[in-house]
Amino acid sequence: MGRNNPKNIKAHNDKLHKKQAKEKAKKNARTEKLKEIVKRFNESKT
């Protein structure tokens, strides 16, 4: 980002927020998968 003009700042923020959203979605998917595994494990344990 060469110059701090609104267009470049917006492009940077959009890219950053997109990256953060991807990371958050990955984290949520992992926790859901873990919950499912734990649930299955607990069912088979009884």
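Predicted model: local features only at pLDDT ≥ 70, side-chain atom pairs only at ≥ 80, totals over all residues.
Lys 27 is part of helix 1. Together with Lys 18, Lys 22, Lys 26 and Arg 30, Lys 27 makes up a patch of positive charge on the surface.

The chain contains one helix and zero strands. Along the principal axes, its C-alpha atoms fill a box of roughly 65 × 10 × 5 Å. Of the 46 residues, 0% count as buried.

Side chains of opposite charge can pair when their charged atoms come close. A search of the whole structure returned three salt bridges. One of them joins Lys 10 to Asp 14, with the closest N and O atoms 2.8 Å apart. Both residues belong to helix 1, which spans residues 6–45, and they are four residues apart, or about one turn of the helix. Asp 14 has a relative accessibility of 40% and therefore counts as partly exposed.

A further salt bridge links Glu 32 and Lys 35, where the closest N and O atoms are 3.9 Å apart. This distance falls within the 4 Å cut-off applied to such pairs. Glu 32 and Lys 35 are three residues apart in helix 1, so about one helical turn separates them. The two partners fall into separate accessibility classes: Glu 32, at 49%, counts as partly exposed, whereas Lys 35 is exposed, with a relative accessible area of 55%.

The side chains of Glu 36 and Arg 40 also meet in a salt bridge, at 3.9 Å from N to O. Because Glu 36 and Arg 40 are four residues apart in helix 1, the separation between them is about one helical turn. Glu 36 has a relative accessibility of 38% and counts as partly exposed. Arg 40, at 52%, counts as exposed, because its value is over 50%.

Key:
Residues numbered from 1 in each chain as written. Heavy atoms only, no water. Helix = DSSP H or I, 4+ residues; strand = E, 2+ residues; numbered from the N terminus. Buried < 20%, exposed > 50% of the residue type's maximum accessible area, 1.4 Å probe, protein only. Patch = residues over 30% accessible without salt bridge, like charges linked within 9 Å, V, L, I, M, F, W, Y side chains within 5 Å. Areas by Shrake-Rupley, 256 points an atom, 1.4 Å probe, with all protein chains shown as cover. Lys, Arg positive; Asp, Glu negative; His and termini not counted. Charge placed at Lys NZ, Arg CZ, Asp CG, Glu CD.
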